[in-house]
Amino acid sequence: MGDVFVLAEHLRGELREVTFEMLNKGLKMTEDVGGELYAILLGHQVSHLAEQLKGWAHKVLLVDDPQLENFNSEPYQVVLSHLIKHRRPSLILIGHTSFGMDLAPNLAVELGFPLITDCIELRWEPAGLQATRQIYGGKINAQVSARESDGYLATVRVGSFSAEQGVRLTGEIETIASPLAEEIKYKRFIQYIEAAIAEVDITQAEIIVAVGRGIGEQENIAMVQELADALGGVVACSRPIVDKKWLPKERQVGTSGKTVKPKIYIALGISGAFQHVAGIKGAGTIIAINKDPKAPIFSVADYGIVDDLFKVIPVLKEKVEALKS
Amino acid sequence: MDIIVCVKRVPETAEVDLAIERDEKDIVKKDLVFDINEWDNYAMEEAVRIKENIGGTVTAVTLGEEDSRETLRRCLAMGADRAMILADPALQGSDAYATALALHQAIKKERYDLILTGVQASDDGYAQVGGILAEMLGIPHVTMVTKVDIQGKLAKVRRELEGGLEEELEVELPALFTIQTGINEPRYVSIMGIRKARGKEIRELMVKDLELTEDEVGQKGSQIHLEKVFLPPVEKEAEIIQGDPSQISERLLEIIKEKGGVI
């Protein structure tokens, strides 16, 4: 009772930061009800990762199987449901990442557990698990509770909890024989496909002028490019601009794009969904212009302008050019 | 190739100053503009493109209130051949699980080779319905799909990971894919087109047609219950710069110079 499983997420031989964030949160959740924290590591030849996880959990459960080498929700689900049915944890934490989103809903149905996805906070209430999550693109928070159950699943938003180690634990590694009897046949991993080599490397830029949905029309990007040129910076963007093919993928800032660290980041018409904001954590100064005073971008920006960006940008560009000449 | 696409009607909230209802259970929706969920629009487009390339049928299905018929008409105008609506009042308030259960009951008797949904809906963003539905149907699934290539009874798909990385997978059909935005360029749908689609029949399914009881759907059949909604606490307050464009620009120039901008 009260045990927490954290699924360790790893890609190409490295643990991802969300794993440590979940282990920290998982430890607190076990302390609240008196249980043990388990790091669950599925992979192939990953004993070095198990060693790394020892200090973060009461126990590391390791399943090694060639079919677990690259993440594939099909074998992962078989192995995880096997472990969960035998060990009966009260809570299983999985990252709300591409991996976790592919796995958690199916696993929850198989186990008959309620699943709360994309949680930014979790707590035990007498009736069970309660969580805070964001809706409407991060503009509104929702407090939700799951029905009573012996076990719960939650996916955790990246960056919601600290990845700094508090207490160092001395977990032991328990190797469990792989329950995968036969070869997985419905879904086969073929290969990873790398991002194309960028023409303009926004990760090295010191000044970035970024545009989002608020730019309205593709033609308006020219105006932003002029401002970026005047400032000696580069133009980047949020996801909707790439989806519309107005700028190439290499210019996208955020979880599915690039992480940038400019001295100055000017966000124009970007609402500030967490997927975007996750890419600008290392920016020095953030300036945001948006019509919506409640846009989430204003809670990460240092300076905010609640106005029509089309009124401000041409004037700003002129003043920059005047100053230079 | 028979394709079923699950769609949802949602309010557009991207550049709107949202307010919360007094009972703290929802946002104020009365002045908002509703349209097809953005991810679902890409899923619809992908379905129609596959049909155009290799033949077959496209069926759009939605769970929602009567207004959702408008979303289905939009799908019919895009190229769907048939549409189904699950608008029984007992279904309202369903969470992702109850929604997927109702969709499962509606879809399991249909012929399909492929089911498409959006990755998530822009309103509650659970990103669960696709996976749950696939599990209930007992078919393989791939989420966050950015490319679909049908090769007979197999599909070669790409899915998005983080940081620009993607993976390529091969999946046996029938399968369910959740479609990521940007996979294609959805066609423009004219008001005339939507009007023309009015002639096409939209099949309506009630809870009893789905062979479910009212306890299995809606809030009663849900795994997750909404307690309240609230505005996110402000972690850091941006310094708001006010004035006319000229004053704002002057102040911005000062900041840019001070913070290391080379001017």
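This is a predicted model: local features need pLDDT of at least 70, side-chain atom pairs count only at pLDDT 80 or more; totals for chains, interfaces and linings use all residues.
The largest cavity holds about 60 Å³ of space. Its lining draws on Leu7(A), Ala8(A), Glu9(A) and His10(A), on Phe71(A) and Tyr76(A), and on Ile94(A), Gly95(A), Phe99(A) and Gly100(A). Two elements of chain A, strand 6 (91–95) and helix 4 (98–111), each supply two or more residues to this lining. Sorted by class, the residues around the largest cavity comprise 6 nonpolar, 3 polar and 1 charged. Glu9(A) is one of the lining residues, and the class count gives 1 charged residue.

Attention now turns to a sheet that draws on both chains. Here 6 strands make up an open sheet with parallel pairing, and their order is 14(A)-13(A)-15(A)-16(A)-17(A)-13(B). At the edges lie strand 14 (234–237) of chain A and strand 13 (239–240) of chain B, each of which pairs on one side only.

Strand 13 (residues 207–211) of chain A is joined to strand 14 of chain A by 4 bridges in the parallel sense. Within this pairing, Val209(A) has Val235(A), in strand 14 of chain A, as its bridge partner. A helix accompanies these strands: helix 5 (residues 221–231) of chain A lies across strand 13, strand 14 and strand 15 (264–268) of chain A. Relative to strand 13 of chain A, helix 5 of chain A runs at about 170°.

How values were computed: Residues are numbered from 1 along each chain as its sequence is written. Chains are lettered from A and ligands numbered from 1 in the order in which they are written. Side-chain values use heavy atoms; hydrogens and water are left out. On a 1 Å grid over the protein atoms alone, a cavity is a set of points where a 1.4 Å probe fits but cannot get out, and a pocket is an open set with protein on both sides within 12 Å along at least five of seven lines; lining residues have an atom within 4 Å of a point. Grid points are joined across faces, edges and corners, and a volume is the space filled by probe spheres set on the points. Ala, Val, Leu, Ile, Met, Phe, Trp, Tyr, Cys and Pro count as nonpolar, Asp, Glu, Lys and Arg as charged, and the others, Gly among them, as polar. Two strands pair if DSSP finds at least two bridges between them. Contact means heavy atoms within 4.5 Å. Axes are lines fitted to C-alpha atoms, for helices over the stretch in contact, and angles run from 0 to 180 degrees between N-to-C directions.
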